[in-house]
Amino acid sequence: MAIHVGVELSSSFFKLVEVKKKRKNMELLQYVVHPLPSVWAESGTFLDREELIQTIQEALLGRRLNTKRVHVSIHCRHVLFKRVMLPEMRKRKYRRWIEKYLIPVLDLPFSDPVFDFRLLDHVWEDGDQQEVFLALISQSYIDSFVRCFQYCGLDPVHIDLAPFGLYRWIHYHRSFQTPHTLMIQISKQDVEVSHFIDRKLERVYHLHLPMALFADHEDRPHPDPLHPLLKEKQEVERYGKRLMEQILEKVSGKERKWLKSSRAEWFLSGEGLDFYLLENWLQQHLEASVKLAPPAEIIMPEPLRDRASKWLGNALSIPIGLTVDEKEGMGP
């Protein structure tokens, strides 16, 4: 038996889950969903480090965790993605080549980049160039991020991109049926869309889509922080129409055709609206399969499930997914 803790900092909430794992079985022992003030700048950096620390401390007040070692997600608004063409070479040489020749000539908004990369497609003829998908982030940002958690008594042992957490949670329960998979993480202010092709992350889109623009009433504080802002059919339909338009506007004509067709699956998760209404509306307007990420309730013991918010649903998909090993789940 092992205990794992996953943490997500979305644009709206601090989320934490503590999961007990025995072989491939998972049980959610406890969770935290705590409102997060506007601590992010447009670039994804901290506006107020002290306020972030105070929020985490408030969220953990009275909580007793079985481990301080945590897996933390970073949303892609904090990461710079680039697709570049490089000379063909042996796979083990790419990292060194990128460090020595590519990074120094890139126009980056930070001076201390760390990166990861993935080769796209195959090089079919000698002398052709290799397309590379590159993810870059500031080392000082990572260090500041880690220090915030350490100050709060937590020990970040692994930091991962949010789309991978969401992908692993869904993959834990089912195999993917189509070449194109869209992971759509929704919050009250924005949407993060991750496009996987043949199970590999190819593109990430960040959409600014405040739910307040589609609400027929004012967004007022509620005792349940997960109480949705959009829960009337007309509100959700207006939001769903604009969401679909913005996603399809981000891609080329050929990709747009694929994403609307039966060759694609759209998975929804997050908070702020009635997801069943959104799923239904999108499914009526797309040939693609539209599904909700698995709800957290399916791994909750009954006492915790009885106390949980009725709107919890798939709001914890990312932090739970951080506790799932890449080798676990259905499918090859």
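In the predicted model, W169 is buried, its relative accessibility being 0%. Its ring pairs with that of Y172 in a stacked arrangement, with 6.2 Å from centre to centre and 10° between the planes. Both residues belong to helix α4, which spans residues 162-173, and because they are three residues apart there, about one helical turn separates them. Y172 is likewise counted as buried, at 13% relative accessibility, a value that falls under the 20% limit for buried residues.

A second aromatic pair, formed by F214 and Y239, is edge-to-face, with 5.4 Å between the ring centres and 85° between the planes. This pair connects distant parts of the chain: F214 is found in the loop between β11 and α5, whereas Y239 is part of helix α5, and the two are 25 residues apart. F214 has a relative accessible area of 11% and is therefore buried; Y239, at 0% relative accessibility, is buried as well. In total, 11 aromatic pairs are counted in the model. Ring pairs also join F164, Y167, F176, F196 and F267 into a cluster.

Y239 is also a member of the largest nonpolar core, which comprises 33 residues. Together with I184, I186, V191, L230, L243 and W266, Y239 touches the most other members of this core. Two or more residues are contributed by each of β9, β10 (190-197), β11 (200-208), α5 (233-249), β12 (264-270), α7 (275-285) and β13 (289-292). The greatest contribution comes from α5, with six residues. Another core, of 29 residues, lies apart from the largest one and includes I53, V70, C76 and I142. Beyond the residues up to four places away in sequence, I186 touches V191, M211, Y239, L243, S269, G270, E271, F275 and L278.

Strand β9, formed by residues 180-186, also contains Q185. This residue is buried, with a relative accessible area of 7%, which lies under the 20% limit. The side chain of Q185 makes a polar contact of 2.3 Å with the side chain of S269. When residues up to four places away in sequence are not counted, Q185 touches E8, K15, H75, L166, D190, V191, E192, S269, G270 and I318. One of these contacts, H75, is 110 residues away in sequence, and the C-alpha atoms of Q185 and H75 are 9.8 Å apart in space.

S73 is placed in strand β4, which covers residues 69-74. With a relative accessible area of 1%, S73 is buried. Setting aside neighbours within four places in sequence, S73 is in contact with V7, E8, L9, F145, D160, A162, I318 and L322. Of these, E8 and I318 are also touched by Q185.

Most residues other than glycine have a negative phi. D198, however, has a positive phi, near 50°. R199 is located in the loop between β10 and β11 too, and although not a glycine, R199 has a positive phi of about 70°. The accessibility of D198 is 53%, so this residue counts as exposed. R199, at 34% relative accessibility, is partly exposed, as this value falls between the 20% and 50% limits.

Key:
Residues numbered from 1 in each chain as written. Predicted model: local features only at pLDDT ≥ 70, side-chain atom pairs only at ≥ 80, totals over all residues. Heavy atoms only, no water. Helix = DSSP H or I, 4+ residues; strand = E, 2+ residues; numbered from the N terminus. Buried < 20%, exposed > 50% of the residue type's maximum accessible area, 1.4 Å probe, protein only. Contact = heavy atoms within 4.5 Å. Polar contact = N/O pair within 3.5 Å; in protein donor to acceptor, adjacent residues only side chain to side chain. Core = buried A, V, L, I, M, F, W, Y, C linked by side-chain atoms within 4.5 Å. Phe/Tyr/Trp six-rings, centres within 6.5 Å; stacked < 30°, edge-to-face > 60°.
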